[in-house]
Amino acid sequence: MEDKYDFKAIESRWRLRWEETDLYASHEEPGREKKYVLVMFPYPSGPAHIGHVANYNLGDVLARYLRRKGVNVLHPMGWDGFGLPAENAAIRSGVHPAQYTWDNIALLKEGLQRLGYSYDWDRELATCSPDYYQWTQWLFLRFYEKGLAYKTLARANWCPSCRTVLANEQVINGLCERCDTPVEQKALNQWFLRITDYAERLLADMDKLSGWPEGVLTMQRNWIGRSEGCEVAFHIRETGQEMPIFTTRPDTLWGVTFFLLAPEHPLADELTSGTPYEKDLRDFRARLQGVSDIDRTAMEAEKEGVFTGAYAVNPVNGEEVPIWTANFVLMEYGTGAVMAVPAHDQRDFEFARKYGLPVRVVIQPPERDLDPDEMIEAYVDPGKMVNSKQFDGTDSEVGKLEVVPDYLEEKGWGKRTVNYRLRDWLISRQRYWGVPIPIVNCEKCGTVAVPDEKLPVLLPEDVRFEFEGPSPLERSEEFRHATCPSCGGPAERETDTMDTFVDSSWYYIRYASPRDEREAFDPDAVCYWLPVDQYIGGIEHAIMHLLYSRFFTKVLKDLGLVEFDEPFTNLLCQGMVVMGGAKMSKSKGNIITPDQFFEAYGADTLRLFILFLGPPEADKEWSESGIDGAHRFLNRAWRLVDRYMNILTLKTQPVPEDSEALKQLAFLTHSTIKKVSEDIERFAFNTAIAAIMEFTNGLYKALEDSPDAFNTFEGHEAIRSLVLILAPFAPFIAEELWEEIGGEYSVHQQPWPEYEPELARAERITMVVQVNGKVRARIEVDADIPREEMEEVALDSDRMRKLLEGKDVVKVIVVPGKLVNIVIRQ
């Protein structure tokens, strides 16, 4: 065995061997227990960085552990290949997005392979490859046939220079992030997926997700935003037309003193057209250009609006109230119109005070009477209804849920309904580097789907990327001009591409059969592997990606394509690696790549160091200060095995079977196996590594005290177990050490060591003694000491007798096998 731990040679050698033997290939084996372990695939923006290592370590440790527990594991990797950065790079440098993406995939893949991750690379996929996006288009057409994909006019952030729609996060201080042009709000015909049809199921089925963090479920519930209330029909005085609103507080209808429209509402144009108020509305809209919906609706945001000159009629009392537009009312929520009750809604209250609009109290609190002239904030709690005609004196909660809704339905003025904050999913992007929408537009036949046999609709390669103007697809005559599949006449292709979240909403299913050329996925393979048993990724994907994936899965089940309706049984959201408080990312320019650590320490050290930083869920501030310690530990493990191998070449003395040295070795081995196994299964990888380090230290001490004990069954078991439990965390050095001690290739195919409970239980333990919760003594006792005896030993110890002299002991709390807490009167 080499004296020196030559990590470069070791890692190079075993990486090649694993590849040659296809060590991590996975196959369906009906009847055998399976686990599908998946980490969220990356966007290939460049080489691997430390954030990737922190995430992908987690899945790799679990996958390696489960394989060795006898489980058939699927652990694949691929690439979320489409996206705006590649197109921006093409504009800046002239590099085609495809070349930019595939070059970055090669860089990122090399980094992940150097880290030794146990992916089944035969299942590698990229969403930007035609053999993948053909099936994304095929799935879109199934949604279209089911009425779940549709095109309609919708408001969007629009850059007049780039001539494209921008997501809210691409608008910086009202300007386009790409060209600094002021962003406008523009109505465009765009494609949507009807996710709102599944809002109730997405909510109800959260009860099935017991393996998800409650925080993620709460975020999804809030995003879906289910509200029970009433739809009430107001009327426009000037036109007589009906204008329905949704309210969760029908008990406050008699407190309506004005009516609000979203500034973008078509009715606002209709009411102000040709009036003195038309310019005010136009200017108001201009001021809101580029302001995100989140900023507009924030409680702390200043409330702004303009009067339309028109009035709405309240059905319950016939009052005519002025119609205003307000920045905090959105077209995307409800009907884009709301009744304003300033006495009982804080935003309405602030708006009314700013513009001098009346405030009328219709709910009085039980302990006092409100004076609207003296109110400094809205009263939003329950109380008694007042100024509400026949409902005066009614408990507001009863009025809200029962009495008023019954009255509205009886009069034909409204009805009970459920509203959702969730909006349909806008998937249109005026970009090149995305999945082309497989639709053509024919003057004769209208909107026509591309037949399945004509898929994929390929992205043209001979296009120009320019800083300004329409997307390359819109400029490409070759791409745009097509033949109508229905009549054979001339047609134009849809030039929008799909939101990249569409690609990632089903990739986990494609992994089951990524080379299938006949269908999107093989039903038998999907039935065996899916759903994903353990999904791992960042909390930043709690809403969009995870919600869209759940939606996709439910639609696929309704189409009869899959048998499950939730894609991910268990979810782990790992914390971020941060530097100076900011997430590590290429866009922030704070990337740390693993390359320098590969050269100085090796992949195993880097893996071990990052896993040891803390619990997976916690954010980790990047610092290199501990990496030397991780490297020293691996060197220490190397030298321990080297010394063990040297002992085997020497003539050693027999050791009695009942010797304390052998008992201690057996205890160290089996208690560590127990601890590491339990920690891996609860993702406590940092404490599992700590236990392995303590085990190594214990073996060093045993080696010093009784070297002959290592040429016994217990000694051999201890060293073999050390290598076996180290393997998921540091796979390269473990493989090398396993071969050195005569193990059969590969260590990663060896059964996980089992512990014997009797041997893992300590004969002696350290009992903690506290006084009023503060540790005052530690006493060594038998591990199986009864609780009564624990109390007796604690109270009778010399230290406790001195501390308790003259004190009044109120009670003694005993935690069996751990501690005694003596409570004294203060």
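## A helical salt bridge

Lys-675 is partly exposed, with a relative accessible area of 33%. This value comes from a predicted model, as do the others in this report. The partner of Lys-675 in a salt bridge is Asp-679, and the closest N and O atoms of the two are 3.2 Å apart. Asp-679 has a relative accessibility of 2%, so Asp-679 counts as buried; the cut-off for buried is under 20%.

Where do Asp-679 and Lys-675 lie? Both are in helix H22, which covers residues 660–681. They are four residues apart, about one turn of the helix.

## The protein as a whole

The protein has 826 residues, and 55% of them count as buried. Its secondary structure comes to 28 helices and 32 strands. Taken along the principal axes, the C-alpha atoms fill a box of roughly 105 × 85 × 50 Å.

## Salt bridges across the sequence

Side chains of opposite charge can pair when their charged atoms come close. How many salt bridges does the structure hold? There are 52 salt bridges in the structure. One of them links Arg-607 with Asp-60, with 2.7 Å between the closest N and O atoms. Arg-607 belongs to helix H20 (residues 603–611) and Asp-60 to helix H2 (residues 50–68), so this pair ties together parts that are 547 residues apart in sequence. Are these two residues buried or exposed? Arg-607 counts as buried because its relative accessibility is 0%. Asp-60 also has 0% relative accessibility and therefore counts as buried.

A salt bridge also joins the side chains of Lys-208 and Asp-565, at 2.6 Å from N to O. Lys-208 is in the loop between helix H6 (199–204) and helix H7 (214–224), while Asp-565 is in the loop between H18 and E25, so the pair ties together parts that are 357 residues apart in sequence. With a relative accessible area of 46%, Lys-208 is partly exposed. Asp-565 counts as buried, because its relative accessibility is 13%.

## A network of charges

## A loop residue, Val-562

Val-562 is located in the loop between helix H18 (544–558) and strand E25 (568–574). The relative accessibility of Val-562 is 7%, so Val-562 counts as buried. How far apart are Val-562 and Asp-524 in sequence and in space? They are separated by 38 residues in sequence and by 9.8 Å in space, from C-alpha to C-alpha.

## Strands and their pairing

Strands of a sheet pair through backbone hydrogen bonds, either parallel or antiparallel. Strands E26, E27 and E28 form an open sheet of three strands, in the order E27-E26-E28, with mixed pairing. Strand E27 (582–583) and strand E28 (620–621) are the edge strands, each of which pairs on one side only. Strand E26, made of residues 577–579, pairs with E27 in the antiparallel sense over two bridges. Met-579 has Ala-582 in E27 as its bridge partner.

Strand E19 (residues 439–442) takes part in an antiparallel pairing with strand E20 (residues 446–449), over four bridges. What do E19 and E20 form? They form a hairpin, with three residues between the two strands. Cys-442 stands opposite Gly-446 in E20. E19 is also joined by two bridges to strand E22 (residues 490–493), and these two strands run antiparallel. The bridge partner of Asn-441 in E22 is Glu-492.

Which residues form a negative surface patch? The patch is made of Glu-19, Glu-20, Asp-22 and Asp-122. Asp-22 is placed in the loop between helix H1 (7–20) and strand E1 (34–39). Asp-22 counts as partly exposed because its relative accessibility is 39%.

Technical notes. Residues are numbered from 1 along each chain as its sequence is written. This is a predicted model: local features need pLDDT of at least 70, side-chain atom pairs count only at pLDDT 80 or more; totals for chains, interfaces and linings use all residues. Side-chain values use heavy atoms; hydrogens and water are left out. Patches are made of residues with over 30% relative accessible area and no salt bridge: like charges are joined within 9 Å, nonpolar side chains (Val, Leu, Ile, Met, Phe, Trp, Tyr) within 5 Å. Accessible areas come from the Shrake-Rupley method with a 1.4 Å probe; for residues, only the protein chains shown count as cover. A salt bridge is a side-chain nitrogen of Lys or Arg within 4 Å of a carboxyl oxygen of Asp or Glu. Lys and Arg count as positive and Asp and Glu as negative; His and the chain ends are not counted. The place of a charge is taken as NZ of Lys, CZ of Arg, CG of Asp or CD of Glu. Buried means under 20% relative accessible area, exposed over 50%, partly exposed in between (1.4 Å probe, protein chains only). Two strands pair if DSSP finds at least two bridges between them.
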